[in-house]
Amino acid sequence: MGNKNKTISFRVNEDTFAALRDIADERDLSLSALFRDYVDALVEHDGQVRVVPEHEFEASADGDAPFPPTVEVPKGFVREHERLELESEHLREQLDEYKRYAAYLQDRLDDDGGEDVVDLDALDEEGDDEDDREFDVDADEPYQLG
């Protein structure tokens with residue numbers, strides 16, 4: 001399966017379309033490229049993207065709050081996350097191995113055709129004859145140890 005491109009379409013009024021066309025022309029982009037860049041940024045920052053005019057962006061760049069906002073994550077959290085990822089990968093590999101082994105056993109069982117199956121009721125019926133018994137608790141004489 002390849003990575004297929006998908007098409008997104010929506011309607012805007014003529015004034016908005018003209019404004020978008022002007023923005024694309026200023027940046028020397030097509031409208032499609034403009035929207036692709038926006039969608040890529042949106043996905044990259046998990047939907048935490050906002051469109052701001054350039055003069056506001058420059059003003060906020062000088063301030064304390066960077067855009068897009070960043071979050072510091074403790075190293076212990078990152079290590080635990082990596083450990084859990086490795087463990088889950090190992091468990092997936094074990095599960096795949098067990099599935100392959102179960103399929104192998106099922107194939108062996110299907111290939112045998114049930115030849116090794118012993119019907120216990122049939123054994124009981126055969127063992128009812130006096131001649132077939134090797135050991136009878138009532139018939140043998142008791143003996144004492146010690």
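Q: What makes the contact between the side chains of Arg 83 and Glu 87 a salt bridge?
A: In this predicted model, the N to O distance between the side chains of Arg 83 and Glu 87 is 2.9 Å. The criterion asks for a side-chain nitrogen of Lys or Arg within 4 Å of a carboxyl oxygen of Asp or Glu, so the pair qualifies. Arg 83 and Glu 87 both belong to helix α4 and are four residues apart, about one turn of the helix.

Q: Why are Glu 80, Arg 83 and Glu 87 described as one network?
A: Salt bridges that share partners join these residues. Arg 83 is bridged to Glu 87, and Glu 80 forms a salt bridge with Arg 83, with the closest N and O atoms 2.7 Å apart. In general, side chains of opposite charge can pair when their charged atoms come close.

Q: Why is Glu 80 called partly exposed?
A: Its relative accessible area is 36%. Buried means under 20% and exposed means over 50%, so a value in between is partly exposed. Arg 83, with 40%, falls in the partly exposed class, as does Glu 87, with 38%.

Q: How do you know that Phe 17 is partly exposed?
A: Phe 17 has a relative accessibility of 39%, and it is placed in helix α1 (residues 14-26).

Q: How do you know that the span of α1 agrees with its number of residues?
A: Helix α1 has 13 residues, which at 1.5 Å a residue should span 18 Å. Its end C-alpha atoms are 18 Å apart, so the two values agree.

Q: What makes Asn 13 a cap of α1?
A: A side-chain oxygen of Asn 13 lies 3.3 Å from the backbone nitrogen of Asp 15, at the N-terminal end of α1. The limit for a polar contact is 3.5 Å, so this pair is within it. Just after α1, Asp 28 takes a positive phi of about 55°.

Q: How does the length of α2 compare with what is expected, and which of its residues are buried?
A: Helix α2 (residues 31-44) has 14 residues and reaches 20 Å from its first C-alpha to its last, close to the 20 Å expected. Its buried residues are Leu 31, Ala 33 and Leu 34, and these pack against α1. Asp 46, which follows α2, has a positive phi near 55°.

Q: What is the overall helix and strand content, and how much of the chain counts as buried?
A: The protein chain has five helices and zero strands, in the order α-α-α-α-α. Of its 146 residues, 4% count as buried. The chain exposes about 14500 Å², of which carbon and sulfur atoms supply 50%.

Key. Residues are numbered from 1 along each chain as its sequence is written. This is a predicted model: local features need pLDDT of at least 70, side-chain atom pairs count only at pLDDT 80 or more; totals for chains, interfaces and linings use all residues. Side-chain values use heavy atoms; hydrogens and water are left out. Helices (H or I, at least four residues) and strands (E, at least two) are DSSP runs, numbered from the N terminus. Buried means under 20% relative accessible area, exposed over 50%, partly exposed in between (1.4 Å probe, protein chains only). Accessible areas come from the Shrake-Rupley method with a 1.4 Å probe; for residues, only the protein chains shown count as cover. The expected span of a helix is 1.5 Å times one less than its number of residues. A polar contact is a pair of N or O atoms within 3.5 Å; within protein, one must be able to donate a hydrogen and the other to accept it, and residues adjacent in sequence count only if both atoms are side-chain atoms. Contact means heavy atoms within 4.5 Å.
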